[in-house]
Amino acid sequence: MKKVVLTGDRPTGNLHLGHLIGSLQSRVKLQHIYDQYIMIADVQALTDYFGNPQKVISNVLEVVADYIAVGVDPQLTTIFIQSQIPALPELTAYYMNLVSVSRLERNPTVKAEISQKEFGESVPAGFLCYPISQAADITAFKAEVIPVGEDQLPMIELSNEIVRRFNRVYNTDCLKESQAYLSGVGRLIGTDGKAKASKSLNNAIFLSDSPEVIKEKVYSMFTDPDHLKVSDPGKVEGNVVFSYLDAFFEEKDEISSLKEQYRCGGLGDTVLKSLLNDVLQKKLRPIREKRESLSKNDLIEICFDGTKKAKSVAQKTLVEVKKAIGINFFGEKSDNFVIF
Ligand code: TRP
């Protein structure tokens, strides 16, 4: 039996080059090694956008299109929608008893988000508790490997605490601990030189961008503000064009010699940008074409099939959990409540 690997994305916008190197490329590889699940975390996204559900709803199929376009294969990967799996909030309810409010308040990622969102004294309970719901996501599928970025490590730690506590309190071994797998090749900086490419900062190149938009974004990239004339020596560190070449241009020797030339002076920004534009156009063309070939119906079908499978897997875990607690009042008949 292959180990289960699970990841999730909040559907709040189209995916971009940062996602490609941060998570998507590794998912395309992992699907051949593990039994892979990818969850569209719409419920978690609603902890931020409860007042604007359309923002979440309209992005669900967009994100699925991005997955398929980069090579996630629905035959190998189960893609599913979180809100359609009733076992997840049920598991969350049982786990809530095992976690203290102060433990939740100590989660560094949640803490940073709370101060960033300026909730003050009015932190929504759903927001504070989303790491518990994330433990439900992980444990429902008995996932053992969770490819994530650093900011998600506290979630996995909490999930494992819940697993140990549950297994101890109910004298069972039905829940499995999981391990973070730091998957990405690191973070991609924004086209403006800011630390992170992100939709909200409007400094990312999307997988769905047209050739014209890609070119425009490349040519407006931040380079070295002191590199005024071609003959001036230029800085490579913090230079967005070089960061992107490092991430996406396969010819590593050529990058080294370009960097050397740039440092000495005599290499113009436009030459570099034109090279990067060619590299990215070549990389993104097949992704965009695949994306455009997918109909809404194709995407719905992929989600439906994946969600159907995920629902029954999560339901099985829920039955085990209820049995462990002792609230399986209808005995074996409980299993008949599996719908779908
Ligand atoms: N919190 C993750 C993020 O913001 C998304 C997520 C939800 C997730 N449930 C998960 C990731 C379970 C891994 C496992 O990116």
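Predicted model: local features only at pLDDT ≥ 70, side-chain atom pairs only at ≥ 80, totals over all residues.

Residues are numbered from 1 along each chain as its sequence is written, and side-chain values use heavy atoms, with hydrogens and water left out.

Nine aromatic pairs are found in the structure. One of them joins Phe166 to Tyr170 in a tilted arrangement, with 4.7 Å from centre to centre and 50 degrees between the planes. Phe166 counts as buried because its relative accessibility is 0%, whereas Tyr170, at 24%, is partly exposed. Here buried means under 20% relative accessible area, exposed means over 50%, and partly exposed lies in between (1.4 Å probe, protein chains only).

Another pair, Phe242 with Tyr262, is edge-to-face, at 5.2 Å centre to centre and 75 degrees between the planes. Phe242 belongs to helix α11 and Tyr262 to helix α12, so this pair ties together parts that are 20 residues apart in sequence. Helices (H or I, at least four residues) and strands (E, at least two) are DSSP runs, numbered from the N terminus. Both Phe242 and Tyr262 are buried.

Phe242 leads us into its own helix. Among the buried residues of α11, which spans residues 240–248, are Val241, Tyr244, Leu245 and Phe248. An α-helix has 3.6 residues a turn, so residues three or four places apart point the same way. The buried residues of α11 pack against α1 (17–30), α12 (252–264) and α13 (269–293), where contact means heavy atoms within 4.5 Å. Asn239 caps the N-terminal end of α11, with a side-chain oxygen 3.1 Å from the backbone nitrogen of Val241.

With a relative accessibility of 14%, Arg291 counts as buried. Apart from neighbours within four places in sequence, its contacts are Asn14, Glu62, Ala65, Asp66, Ala69 and Ser208.

The charged end of Arg10 sits over the ring of Tyr130, 4.8 Å from its centre, and the charged end of Lys215 is placed over the ring of Tyr219 at 5.7 Å. For this, NZ of Lys or CZ of Arg must be within 6 Å of the ring centre and within 35 degrees of the ring normal.

Arg10 also takes us to the ligand, since the residues around the ligand include Arg10, Met39, Gln134, Asp137 and Gln152; being around it means having a heavy atom within 4 Å. Polar side-chain atoms lie 3.0 Å from a ligand nitrogen in Gln134 and 2.8 Å from one in Asp137. For Gln152, a side-chain N or O atom is 2.9 Å from a nitrogen atom of the ligand. The protein covers 87% of the 370 Å² of accessible area that the ligand has on its own, with areas from the Shrake-Rupley method and a 1.4 Å probe.

Conventions:
Polar contact = N/O pair within 3.5 Å; in protein donor to acceptor, adjacent residues only side chain to side chain. Phe/Tyr/Trp six-rings, centres within 6.5 Å; stacked < 30°, edge-to-face > 60°.
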